[in-house]
Amino acid sequence: MRRRRRPVHRTLGVLAGAVALLGAGLAAPATASAGAEDGRLTDLVNPFIGTENEGNTYPGAAVPFGMVQFSPDTGHNTGYDYSENHIRGFSTVHLSGVGCGLGGDLPVLPTVGDIGSTDYAKYAAEFSHDDEKASPGYYKVGLKSGVDAELSATKRTGVQKYTFPATDKANVMINAGQSLHKTVHTKVDVLDSRTVRTAITGSGFCQDTKQYTLYTITRFDRPFKASGTWKGDTVTAGSKSSAADAERNGAYVRFDTSKDRTVEATTAISYVDAHGASLNLAKEGGRSFDSVRGAARSAWEDRLGDVKAQGGSETLRRTFYSSLYRSFLAPNIGSDVDGRYTGWDQRIHRADGFTYYQNWSLWDTYRTQAQLLSLLAPRESRDMALSVIRIDKDSGWLPKWGYGTVETNIMTGDPVTPFLTNAYQQGLLKGHEEDAYRALKKNADGVPPADSAPVGREANKEYLADGFAPYIKDRQHVKPGDSDYDHGASATLEYALSDAMLGQMAKELGHKDDAKRYAERAQNYRKIFDGSTGFFRARDASGGFTGPADPAKSDGFHEGTSWQYQWLVPQDLPGMVGLIGGKEAANKRLDSFFAYEELVKDPAKTAREVWVNGPYDYYNADKYNPQNEPDLIAPYTYLSTGQPWKTTDVVHAALTLFTDTPTGMTGNDDLGTMSAWNVLSSIGIFPVQPGTDTWSLSTPVFERVDVTLDRRYYPKGALTVRAPGTSQDDRYIQSARTDGAAYDKTYLTTDDLRGLRNLSFTVGGEPSAWGTGADAAPPALK
């Protein structure tokens, strides 16, 4: 998801140069570790990947799915930008790869000397990348002020260690009044000589949202000798808070580091109340910085160790494990240690028997990351799915793009349906199938009331009556966020995709009439096909096709064009291919879309110079855009047109866009969406029909990948994928075998994976007939 971002800092020539350098085998940047030490996979992860050129990742410390992401903010609207050289503070909340400002709550910064400005843009500390390093669960930087800052994290706390120069004016600035989002109201209390408590009420993500409050408590490992608070530009010295101080915007605390130069502190957060923050601190605080850092690294080793890749270059392994790392950064724990959480009705609830999660970039994650987590983290994925169902129970409606305790309504369509049907198909909703189905049915057949925050399927009234969501230009938005009416054509395709997935679920649960109705609605993609152009096209409120006839300049498609959205019919690719004119016509169009003739001559150059035009350059294009979600499935369309080897060509070319540099992300990461695409495509197993149990096959980039699986969901407990000799020259599948038996289809189901121990490919330098049989392609949903 990408919208309303500022212009990029550098051109994609930087990316091209990085690819060329890495292809030549030069060393990774000094900010990343040079290689795995003692077999540690965390040493292969470079958290700086994507921190420049609008990848919008963050380099700071977090544990898998943690509530806290303790990371530096440099002034970029989403937090950190590698091209900037001043840190405004280390704040507790970030989301990987989002496109608009949110989080950045409670930036803390060590300073030396007298307290001057209370604006963190003015008291920001200069730094150099030469004095900066990061690894999973750890971040360190040397500031020009002479202070060394180190960060680590637990699930609900951020732990900081500051090494000051010898001085009697060593300060820590605790800023509640500035963040990456709109700050509405703050409270600050200096509770005693070691503890500061805040409450931060904010709103906004791309546009205003309902308000939400974050509660924090910071406890230092030794008493500070002085403190004060500020409101606006007015600083008030004093070691104790008064009632008036509670309404202030920040606090400073001061230490004498003439002898003991080190100060440690732990900040706990809660989305419930101050008591929740205190409970989180009591449960997860009290440990030394080094202990927390070691535990965080162990947590990441456990996660990354479930996927062990062999073969490939050092650079390939680094980009792979860095992507795997980012895939586990979200969604995030939302409940406190006592199980309480704030629901979308802004009331306090308790999660019994599961952990409540929040932060739902569903338009992005339903296509890749949800499936990867269902494979590698099914226990957490189950709790995530139950959390989404709880949102419906608490607030009356399912989410679209949820941040913290509120709906933002960013992006369009109906992404929650394939997210939850995927959880159902992966066996994660046992005992909750009907609860999920009732919520999904309500969502698919209705529209949220005017007095509720969500927009849901905003254009559902027209879609149910006419079979399409109309494109109504300049229609006034009823609620904050995006509107399906602004993107009627793509909303129609997204609704139809979701109807197909819900129809499958209804069929399996025995709701026959519903299943038939949803299956019929899944064909609504045909309603916006313009036979005169041979492409999908928006319809206006009266039903007429509208906007430019040129599919590269089409209206009504969200962050894309008709060229890019024509392949978003995973429920019925045979039907879509038929509309185009058959497989021959579809292959001709696909070849044009991917610039295939140029691609086979120079894959990396085609990816960088023909496909990619800029992180936010979505429109006026007739080529593949690997930087944005609508095209994530597109390379796998060749599996349904009888030319599966071309899927490998396109996928392997797109993988060259992931590099071990700050510019090495292909567009915004969108809470792990792009990273998950890289991981799955590198392994050779991809969710080509999001919301179902179908996994397509393509050539792995590693000779062997050993995946450890949860035996409660995958009885074999492991899957090994082999492709001996795979390389850029020998990348075409000649044959495949499942547990030693010949296998000619280009897809597997989740049930297949549950019974499978070994998947092996024989590869060669020329395309073969593998996967071209009559029943080899992923089937259409019925």
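This is a predicted model: local features need pLDDT of at least 70, side-chain atom pairs count only at pLDDT 80 or more; totals for chains, interfaces and linings use all residues.
Me: What sheet do they belong to, and in what order do the strands run?
Reply: The sheet is an open one of three strands in the order β27-β28-β33, with antiparallel pairing. Its edge strands are β27 (685-686) and β33 (747-749), each of which pairs on one side only.

Me: Changing topic: where does Gln 627 sit, and is Gln 627 buried or exposed?
Reply: Gln 627 lies in the loop between α17 (603-611) and α18 (644-655), and with a relative accessibility of 3% it counts as buried, because the cut-off for that class is under 20%.

Me: And what does its side chain reach?
Reply: The side chain of Gln 627 reaches the backbone nitrogen of Gly 667, at 3.3 Å.

Me: Now the aromatics. How many pairs are there?
Reply: The count comes to 35 aromatic pairs. One of them joins Phe 529 and Phe 536, whose ring centres are 6.0 Å apart and whose planes stand at 80 degrees, so this pair is edge-to-face.

Me: What about Tyr 618 and Tyr 619, how are their rings arranged?
Reply: Tyr 618 and Tyr 619 also form an edge-to-face aromatic pair, with 6.0 Å from centre to centre and 90 degrees between the planes. Tyr 618 is buried at 6% relative accessibility, whereas Tyr 619 is partly exposed, with a relative accessible area of 35%.

Me: Which residues make up the aromatic cluster?
Reply: Phe 535, Trp 563, Trp 567, Phe 593, Phe 594, Tyr 596, Trp 611, Tyr 624 and Tyr 638 form one aromatic cluster.

Me: Last one: which ring does the charged end of Arg 539 sit over, and which does Arg 754 lie over?
Reply: The charged end of Arg 539 sits over the ring of Phe 545, 4.0 Å from the ring centre, while Arg 754 lies over the face of Tyr 714, at 5.7 Å from the centre of that ring.

Note on methods
Residues are numbered from 1 along each chain as its sequence is written. Side-chain values use heavy atoms; hydrogens and water are left out. Two strands pair if DSSP finds at least two bridges between them. Helices (H or I, at least four residues) and strands (E, at least two) are DSSP runs, numbered from the N terminus. Buried means under 20% relative accessible area, exposed over 50%, partly exposed in between (1.4 Å probe, protein chains only). A polar contact is a pair of N or O atoms within 3.5 Å; within protein, one must be able to donate a hydrogen and the other to accept it, and residues adjacent in sequence count only if both atoms are side-chain atoms. Rings of Phe, Tyr and Trp (its six-membered ring) pair if their centres lie within 6.5 Å; planes under 30 degrees apart count as stacked, over 60 as edge-to-face and the rest as tilted. A charge sits over a ring if NZ of Lys or CZ of Arg is within 6 Å of the ring centre and within 35 degrees of the ring normal.
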